[in-house]
Amino acid sequence: PDGRHASFLLRPADMLDPYDAREERRDFTVADQRAYVVVIETETGKTVRTEEVKGLILGQVLTNDTLAVETSQAYYPGGNGHGTITTYSLAKPTAKATTIPTDKWLVGATQDSLLLAPSNMSQGRYGTQPLTRLSKGGDVVGTIAGVTGVYRGGWVERVRDAGTPPPKDSASGPPRAVPTELVHLDSGVTTDVAGLKVEEVALPTAAGLLVSRETTTGEGQNRETTSTPQFWLSAADDGHPHTENLEQFSTK
C-alpha cells in the first residue's frame, strides 16, 4: 500500500499446469506445484525476502510491512481446497511465518490489514459482497458490506445502503446511477463516485485512482465514448480527491 515494496511470483520455467500434465499423461496434483515469491525494496531493488511456496497460489498482497500469500490444494479456498494464508514479516526477514486457515479469497490489503471476500474479485464483478478485514495475525478487525471492487492503495468501492433496492429508472430520463462510493479504509475518507468510472493509475509517490465521467455520443458505427477526468486520489495522503494537474492524465 505505501509503495515501498513490490512482490513477484516466480515459477520454474519447466513447471506444468494440471492440463498440460494430463496431455502428457503425467501424474500431477495441485500440491505438486512449487513457486517462489520475492519481495524487493522499490527504491533500491534490494531483495527483502524470498520464500518457496508449495501448492496453488490463489493470491498475494502486501501491507506496509508484511507479505501475505494464499495457497490452496484446489482451485478455490473453501471445502477440500483447505485455503491457507501465510504471512511473512518484511521488517524482520528471518522471523517465522504465521499461517491462517480460511475458506475465503485474499483480494487486497490496507496498510495494516488483509481483505478477504467470499468470491474471487480479481475475475470481475459479481454484484455486491461483504469483505472481512483480518489483522496480520488472523484476527477479524472489521467488515465492509456491499463491496463491488477492491483497488490497490487501500480503497474499496461499495454501494451505499447495500440493503436497500437500487433506484428505479425514469421512463423519460437517463438511467439513474446506483449510489456508489469509494472508501479509503486506512483513513475512513469516503468519495461519491455514482455514475463515474474508476481506474487504477501509477502515481510518482504511491498507488492512485483516476475518476472520470464518460459521455457517449452518436449511434451505431458512429457511436463514440469520451472519458473526462474529474479528480484523482493518492494513497500517499488521506485519500481525499485532488483536482489539480488533471491535464497530466491521458485517456489514450
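Which residue is the bridge partner of V150 in β12? The partner is V156, and this pairing belongs to a predicted model.

In that model, local features need pLDDT of at least 70 and side-chain atom pairs count only at pLDDT 80 or more, while totals for chains, interfaces and linings use all residues. Residues are numbered from 1 along each chain as its sequence is written, and side-chain values use heavy atoms, with hydrogens and water left out.

**Overall composition**

The chain contains 1 helix and 17 strands; helices (H or I, at least four residues) and strands (E, at least two) are DSSP runs, numbered from the N terminus. Of its 252 residues, 41% count as buried, where buried means under 20% relative accessible area, exposed over 50%, and partly exposed in between (1.4 Å probe, protein chains only). Among contacts with a separation of 6 or more, 41% join residues 24 or more positions apart; a contact requires heavy atoms within 4.5 Å.

**Strand pairing**

Two strands pair if DSSP finds at least two bridges between them.

| Strands | Sense | Bridges | Residues facing each other |
|---|---|---|---|
| β1 and β2 (34-41) | antiparallel | 6 bridges | L9 and V37 |
| β10 (129-134) and β11 | antiparallel | 5 bridges | L131 and I144 |
| β11 and β12 (155-159) | antiparallel | 4 bridges | V150 and V156 |

An open antiparallel sheet of 3 strands runs in the order β1-β2-β3. Its edges are β1 (5-10) and β3 (47-54); each has a single partner strand, so one side of each is left without a neighbour in the sheet. Neighbouring strands of this sheet are turned by 15 degrees against each other on average, direction ignored; axes are lines fitted to C-alpha atoms, for helices over the stretch in contact, and angles run from 0 to 180 degrees between N-to-C directions.

Two hairpins involve β11. The hairpin of β10 and β11 has 5 residues between the strands, and G138 takes a positive phi near 100 degrees there. In the hairpin of β11 and β12, with 3 residues between the strands, G153 takes a positive phi near 100 degrees.

**Nonpolar cores**

A nonpolar core is a set of buried Ala, Val, Leu, Ile, Met, Phe, Trp, Tyr and Cys residues joined through side-chain atoms within 4.5 Å. The largest has 12 residues, including Y151, W155, L182, V198 and F231. Strands β16 (207-217) and β17 (224-234) each supply at least two residues of this core. Another core, of 11 residues, lies apart from it and includes V48, I57, V69 and L90.

Beyond its neighbours within four places in sequence, V198 is in contact with Y151, E157, L182, V193, L209, L210 and V211.

**Q60 in β4**

Q60 is found in strand β4 and is partly exposed, with a relative accessible area of 25%. Neighbours within four places in sequence aside, the contacts of Q60 include S7, F8, L9, V37 and L106. Although Q60 and T86 are 26 residues apart along the chain, their C-alpha atoms are separated by 9.5 Å.

**The largest pocket**

About 990 Å³ of space lies in the largest pocket. On a 1 Å grid over the protein atoms alone, a pocket is an open set of points where a 1.4 Å probe fits, with protein on both sides within 12 Å along at least five of seven lines; lining residues have an atom within 4 Å of a point. Grid points are joined across faces, edges and corners, and the volume is the space filled by probe spheres set on the points. Of the 40 lining residues, the closest to the pocket centre are V61, Y151, R152, G153 and E200. Elements that give two or more residues to this lining include β4 (56-62), β11 (140-151) and β15 (197-202).
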